[in-house]
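Please look over the structure shown here before reading on.

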Amino acid sequence: MTGLHCLVTGATGYIGGRLVPELLDAGHRVRCLARSPGKLRDHPWAGRAEVVRGDVTDPESVGAALAGIDVAYYLVHSLGTGADFEERDRTAARVFAEQAHAAGVGRIVYLGGLTPAGIPVRELSPHLRSRAEVGEIFLASRVPATYLRAAVIIGSGSASFEMLRYLTERLPVMVTPSWVGTRCQPIAVRDVLRYLVGSAAMPPEVDRAFDIGGPDVVTYEEMMRRYATVAHLPPRLILRVPMLTPRLSSHWIGLVTPVPRALARPLAESLRHEVVCDEHDIARYVPDPPGAPLGFDQALSLALQRVREADVTTRWSSASVPGAPSDPLPTDPDWAGGSLYTDRRERTVDASPAALWRVVEGIGGDNGWYSFPLAWAVRGWLDRLVGGVGIRRGRRDAARLRVGDSLDFWRVEEIEPGRLLRLRAEMRLPGLAWLEMYAEPAPAGAGSRAGGGRSRYRQRALFHPRGLLGHLYWWSVSPFHAAVFGGMARNIARAAERLDGEGRGRETAADARTSAAASGAAPAAEVPHDNRPHRPTQP
């Protein structure tokens, strides 16, 4: 069956962002429901899919989004949004099921967690318990439902893979909790996507849950040892300590990996119990092609290859951090007023706007923030200590950004290629913060150099405080702004000038080769150029 009209919720997330192009390539039409449609604007598939604004807890917007839909994919959850996240998940699932029935939707497809056999629901972690309850709500609805239950999903950028990768790569000797000896059945993300796409064509009488997993049943300790082998690392020494609870484990994971404690804890809790598939009935409706499902080692190898080639389409941090600010920028027309602190920097740069933009767009991640690295590192550690995301989320792509990308403890809120990058802070703050960077041609009369063209770099940091604590925070850190923000502007300008100078050097070398070829002379040796964004030089 082809040509179905599919609704995808959670398209800004890890699985949803990968599912949309798979559905499109399978010949289906896709509509995405998103609270912030702008976050999907720069995805490669954005021009092929319809995007509508809405929230899964709002019956009106959900009903409008489901109009004319054949298959609805439910890929959202409220994990980490507060103590009442289970009630929010329950409410959203009921709203979705009711509106799907009213709209005449033919099937709901839901991806949840694999729950351990023989364990009472009340003893499950809140995360697994909530995911299981959502699945049961859909199965009890008046719309046929496919409830896929997966354990650990292995793919480039997935939270489970990043946790495994960083723990194994950074700790040659590990003191681990007892749950590393619990068995689980990991599955490659490409197999998850294949089952999700194939579920759209299930016959109407199918209304049930399916366990999905790869061919390997392993303990987490085995997963770490096998990762070390696949990644060509020395063997890891793993020592189990029984007193490490999931709560303590989440702090340990948060210190070693980019995965924040709020996400690490439910991941650790879900590994306390054995999660192994009881059946593989999904293959009757979505047959496995030769070589599928992928084995654990092959899934690791493919994920590592994607990471090394910087070809990670979505990451666990693609979705907004729960509780992150969503207010408009203070300069927007609908800003409601209030105090606003601003730090402005501006420099004339002896480089082309294109060279300046390359440096701006390449900021963060391994390239750093071009000033006072210790200050940025300390701020990241402080954020981790209070449960924030910290500065180690890095970048999805080393050179390119798109709206919605996470960038260390920022998120790309707006990008105008060649001109503007606006970041919204997702660190824990007593207020709202933004950072804007502009690359512009220098105003007329600013001393443009012959044959090149100077540019102007503008930088603006904004902070809207909440309460007295917010004001005290700004005044406590403002003495450091000259070093942090001033140094940042200065070093971005220097990096652009170096990059532009190297570009002119290559042009000169190319001209020399052309002249040499015309005259029959041998050209001078040329030094290869690394085309990646420049790392900052400290002042």
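The axes of helix H7 (residues 220-230) and helix H10 (residues 296-308) come within 10 Å of each other and cross at roughly 55°. That angle makes H7 oblique to H10, because angles under 35 degrees count as roughly parallel, over 145 as roughly antiparallel, 65 to 115 as roughly perpendicular and the rest as oblique. Axes are lines fitted to C-alpha atoms, for helices over the stretch in contact, and angles run from 0 to 180 degrees between N-to-C directions. The crossing of H7 and H10 is right-handed, the term for a near helix turned clockwise from the far one by less than a right angle. On the H7 side, Met-223, Arg-226, Tyr-227 and Val-230 meet Phe-296, Asp-297, Leu-300, Ser-301 and Leu-304 of H10; contact means heavy atoms within 4.5 Å.

The model is predicted, so local features need pLDDT of at least 70 and side-chain atom pairs count only at pLDDT 80 or more, while totals for chains, interfaces and linings use all residues. Residues are numbered from 1 along each chain as its sequence is written, and side-chain values use heavy atoms, with hydrogens and water left out. Helices (H or I, at least four residues) and strands (E, at least two) are DSSP runs, numbered from the N terminus.

Met-223 also touches Val-152, as do Ser-160, Cys-184, Pro-186, Ile-187 and Leu-271. Val-152 sits in the loop between strand E6 (145-150) and strand E7 (153-154). With 8% relative accessibility, Val-152 counts as buried, that is, under 20% relative accessible area, where exposed is over 50% and partly exposed is in between (1.4 Å probe, protein chains only). Val-152 and Cys-184 are 32 residues apart in sequence, and their C-alpha atoms are 7.5 Å apart in space.

E6 belongs to an open sheet of seven strands, in the order E3-E2-E1-E4-E5-E6-E11, with parallel pairing; two strands pair if DSSP finds at least two bridges between them. Strand E3 (50-53) and strand E11 (208-212) are the edges, each pairing on one side only. From one strand to the next, the twist averages 20°. Strand E5 (residues 107-113) pairs with E6 over six bridges, and Leu-111 stands opposite Leu-148 in E6.

| Helix | Residues | Lies across | Angle to E5 |
|---|---|---|---|
| H4 | 126-139 | E4, E5, E6, E11 | about 160° |
| H6 | 189-199 | E4, E5, E6, E11 | about 160° |

A second open sheet has six strands in the order E14-E19-E18-E17-E16-E15, and its pairing is antiparallel. Its edge strands are E14 and strand E15 (406-407). Two bridges join E15 to E16, and Leu-407 stands opposite Trp-410 in E16. Helix H11 packs on this sheet, touching E14, E16, E17, E18 and E19, and its direction makes about 155° with that of E18.

The largest nonpolar core has 43 residues, and those with the most contacts inside it are Trp-369, Leu-421, Met-437, Met-488 and Ile-492. A nonpolar core is a set of buried Ala, Val, Leu, Ile, Met, Phe, Trp, Tyr and Cys residues joined through side-chain atoms within 4.5 Å. Elements that each supply at least two of its residues include H11 (353-361), E18 (431-441) and helix H14 (481-519). H14 gives the most, with nine residues. Apart from this core lies another, of 38 residues, among them Ile-15, Val-30, Leu-193 and Leu-196.

How values were computed: Lists of a residue's contacts leave out its neighbours within four places in sequence.
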